[in-house]
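Subject: Handover of a structure

Dear colleague,

Please find below the structure that I am handing over to you. My notes on what was found in it follow directly after.

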Amino acid sequence: MRLYVHRWGSGPRIVFVHGALLGGREAWRAQRPLTERWTVLAPDRPGHGRSPAARTDFEPEAGLIAEQLLDEPAHLVGLSYGAIVSMYAAARRSENVRSLTIVEPPCSGVVKGNPVVDKFGADVRAILELTDVGPAEALRRFFRVAGVQEEVVEPVPEVLLRGINQLFGARPPDEAQPPLSELAAASFPIMVVSGGHSEANEIICDTIAEATAARRETVTGAGHLVPDTGTPFNTLLETFLTTP
């Protein structure tokens, strides 16, 4: 499978890996100002945007990202499920990763036994297994669990219809056990960012940051969709990418 890749700007490469529902063009719209100084590559993950359909699964997707977008040195940024994909991809081709930024990965399996995180993981899994509700209600439930501060309008836009249908049957993120020890041993810097809206997400991000000796940051104002804050997130990211 060849991923469709949106490409903007010029300069050092940043690969942005989106999460659920929206493809690369829509998910990273607030990062367009970065194209004045960076080459921004935003792939559509399988089943999103203009990429071919396939079941959502972080491990084979990581292989696609590593093979097709880390063929030369690049900074890697992942949001939500895309952050899980990015962690696996970075470990697969670490020699071409200049830095790794992880934004609210829902990999609750890294903190098994914590009741808050366990409930979050179960709630996410329940969304993936929905069969008895329409797309609008499924989106509302997903937004509540994920911490997306948006209203669901009807009729549901086509991009969200495709996104929620792609989410159904996805490999649950609580099955992910990212290669944290490999990431900790890698030579590139790591930053973990959360949105300050969810206790479960804060615990997950704290755990990953501690295990990988990563820089730990919080950007509030957009819930789970941290990059949608625009300037606050972009400034933090550029500072991280340009700090020796």
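This is a predicted model: local features need pLDDT of at least 70, side-chain atom pairs count only at pLDDT 80 or more; totals for chains, interfaces and linings use all residues.

In which loop is E104 found? E104 sits in the loop between β5 and α4 (115-128); helices (H or I, at least four residues) and strands (E, at least two) are DSSP runs, numbered from the N terminus.

Residues are numbered from 1 along each chain as its sequence is written, and side-chain values use heavy atoms, with hydrogens and water left out.

Backbone features

E104 has a positive phi of about 45 degrees although it is not a glycine. With a relative accessibility of 0%, E104 counts as buried; buried means under 20% relative accessible area, exposed over 50%, and partly exposed in between (1.4 Å probe, protein chains only). L21, also not a glycine, has a positive phi of about 75 degrees. This residue L21 lies in the loop between β2 and α1 (24-27), and its relative accessibility of 7% makes L21 buried. Most residues other than glycine have a negative phi, and most peptide bonds are trans. The peptide bond from E154 to P155 is cis, with omega near 0 degrees. P155 belongs to the loop between α5 (135-146) and α6 (158-167).

The sheet

Seven strands form an open sheet in the order β1-β3-β2-β4-β5-β6-β7, with mixed pairing. Two strands pair if DSSP finds at least two bridges between them. The edges are held by β1 (5-9) and β7 (215-218), each of which has a single partner strand, so one side of each is left without a neighbour in the sheet. On average, neighbouring strands of this sheet are turned by 20 degrees against each other, direction ignored. Strands β2 (residues 13-17) and β3 (residues 39-43) run parallel and are joined by three bridges; I14 has V40 in β3 as its bridge partner.

Helices on the sheet

Helix α3 lies across β2, β4 (74-79) and β5 (97-103), and runs at about 145 degrees to β4. Axes are lines fitted to C-alpha atoms, for helices over the stretch in contact, and angles run from 0 to 180 degrees between N-to-C directions. Helix α9 (residues 231-242) also packs on the sheet, where it touches β2, β4, β5, β6 (190-194) and β7, and its direction makes about 150 degrees with that of β5. Contact here means heavy atoms within 4.5 Å. N234 is placed in α9 and is buried, with a relative accessible area of 7%. Not counting residues up to four places away in sequence, N234 touches A30, Q31, P33 and L34.

Helix pairs

The axes of α2 (residues 58-69) and α3 come within 8 Å and cross at roughly 60 degrees. That makes α2 oblique to α3; angles under 35 degrees count as roughly parallel, over 145 as roughly antiparallel, 65 to 115 as roughly perpendicular and the rest as oblique. Among the residues that meet are F58 and E59 in α2, and Y81 and I84 in α3.

For α4 and α5, the axes come within 10 Å and cross at roughly 160 degrees. That makes α4 roughly antiparallel to α5. Here F120, D123, V124 and I127 in α4 meet R141, F142 and V145 in α5.

Nonpolar cores

The largest nonpolar core has 43 residues, and those with the most contacts inside it are L76, L100, L183 and I208. A nonpolar core is a set of buried Ala, Val, Leu, Ile, Met, Phe, Trp, Tyr and Cys residues joined through side-chain atoms within 4.5 Å. Helix α3 (residues 81-92) gives the most to this core, with nine residues. Apart from it lies another core, of 21 residues, among them W8, F16, W28 and F233. L183 touches M87, A90, A91, L100, F188, I190 and T212, leaving aside residues up to four places away in sequence.

One further residue

D57 is placed in the loop between β3 and α2 and is buried, with a relative accessible area of 12%. The C-alpha atoms of D57 and P173, 116 residues apart along the chain, are separated by 8.6 Å. Leaving aside residues up to four places away in sequence, D57 touches Y81 and R171.

Yours sincerely
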